[in-house]
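Take a look at the model below.

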Number of protein chains: 2
Amino acid sequence: MSNLRLSITMSLDGYVAGPVQSEENPLGVGGMELHEWFFPLNAFREMHGEQGGETNASSSVVDERRANIGATIMGRNMFGGGTGPWGDDPWRGWWGEDPPYHHPVFVLTHHAREPLEMNGGTTFHFVTDGIESALAQAKDAAQGQDIWLAGGASSVNQYLAAGLVDELDISIAPLIMAAGERLFEGLRRGDLKLTQIRAVDAPGVTHIKYQVG
Amino acid sequence: MSNLRLSITMSLDGYVAGPVQSEENPLGVGGMELHEWFFPLNAFREMHGEQGGETNASSSVVDERRANIGATIMGRNMFGGGTGPWGDDPWRGWWGEDPPYHHPVFVLTHHAREPLEMNGGTTFHFVTDGIESALAQAKDAAQGQDIWLAGGASSVNQYLAAGLVDELDISIAPLIMAAGERLFEGLRRGDLKLTQIRAVDAPGVTHIKYQVG
């Protein structure tokens with residue numbers, strides 16, 4: 001059975017991106033700081049075709065998150081930002097020509113667009129008929145493997161409110177952002193019953209994993 | 001030097017109490033669930049003059065939080081709730097005649113009241129001239145030991161915004177509360193620079209400690 005697994009980094013006060021997101025600053029003001037625990041890792045360097053980097057307590061968490069993932073779901077902002085129709089020669093997103101997914105990625109959007117095949121096995125599929133449809137398509141594509149729910153806050157919160165997420169792995173960065181895109185907004189008490197599975201104390205971050213239901 | 005140390009339990013979505021706080025339900029709707037990790041512990045039983053209970057990974061965290069504390073600061077709601085003047089024969093708060101502090105406790109309030117001496121070394125002092133005054137009085141009383149900033153959200157957020165807190169030890173309960181009293185509200189980006197000191201994976205809770213500044 002395919003599980004929908006959220007893994008995401010949030011600030012101690014619950015934000016997964018800063019305010020004023022833009023093409024130059026896709027994570028918003030201060031949003032890059034959320035991921036400072038990730039950049040020094042060997043796993044991050046390898047994603048970008050580089051060598052070196054360190055291995056620490058976060059490394060096995062990153063491996064765990066990537067294991068057995070056959071498809072990814074993300075919001076339009078996480079693919080490439082912008083609003084409205086895509087236009088005739090649309091931007092190919094900010095993941096570059098060899099995105100670090102290597103499997104089908106389903107992008108939630110209000111505007112239709114042809115699939116976009118990149119190098120390395122990543123194809124972006126643009127889904128206009130809602131979160132359930134994107135999940136069904138991702139499950140088909142994943143062929144029995146799990147699905148990574150990647151972000152951003154708006155997409156994730158819709159899946160959480162609909163009770164469609166099976167597992168949460170939250171990296172808590174030592175930051176107070178005070179503004180931006182907040183995780184867990186729009187939920188009601190009782191929407192999610194969580195059981196803590198494990199917590200990992202890593203340099204500059206804590207990773208907490210929960211089972212839902 | 002006396003440090004001001006916050007230790008508090010919050011839900012994964014940042015609440016330290018539920019909505020609709022009342023005398024019968026001092027932590028608000030669902031607020032008691034935040035502390036479910038604490039109730040089975042031997043340390044909790046002992047606080048209430050009972051025996052038994054378990055020892056687990058949370059036990060050393062609780063010991064650490066209590067060590068070297070010479071005074072406590074809390075908001076009026078955490079002492080006993082209510083608003084307005086105290087009246088002629090005011091309630092003695094919900095901590096009972098032998099409160100689990102055993103040192104001076106400074107209660108932030110807008111309404112003057114004589115100190116209230118309880119059994120076991122706890123005296124409640126009611127401070128009407130603001131958070132800095134309460135901290136100065138607590139430092140005097142602590143005689144070189146540290147001060148515990150206990151709650152609730154409103155008092156804690158005032159101390160955080162004023163840059164007066166030296167250490168945060170946050171217990172993250174596996175709950176989405178969705179409403180209630182939120183920690184870290186009213187702060188601005190940059191108000192707090194945090195360094196993660198350690199995280200502890202304990203049954204049903206994760207304890208993360210940060211140094212401020």
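Helices (H or I, at least four residues) and strands (E, at least two) are DSSP runs, numbered from the N terminus. This is a predicted model: local features need pLDDT of at least 70, side-chain atom pairs count only at pLDDT 80 or more, and totals for chains, interfaces and linings use all residues. Residues are numbered from 1 along each chain as its sequence is written, while chains are lettered from A and ligands numbered from 1 in the order in which they are written.

Start with chain B. Its open sheet holds nine strands, in the order β5-β6-β4-β3-β7-β1-β8-β11-β10, with mixed pairing. Two strands pair if DSSP finds at least two bridges between them. At the edges stand β5 (116-117) and β10 (194-202) of chain B; each has a single partner strand, so one side of each lacks a neighbour in the sheet.

Now the helices. Two residues are in contact if their C-beta atoms, placed from the backbone, lie within 7 Å. Axes are lines fitted to C-alpha atoms, for helices over the stretch in contact, and angles run from 0 to 180 degrees between N-to-C directions. Helix α5 (residues 153-161) of chain B lies across β1, β3, β4 (104-108) and β7 (146-151) of chain B. It runs at about 130 degrees to β7(B).

Back in the sheet, β8 (residues 167-173) and β11 (residues 205-212) of chain B pair antiparallel over six bridges. Glu167(B) has Gln211(B) in β11(B) as its bridge partner.

Finally, the two chains meet. In chain A, 28 residues are in contact with 28 residues of chain B. β10(A) gives the largest share of chain A's side, six residues.
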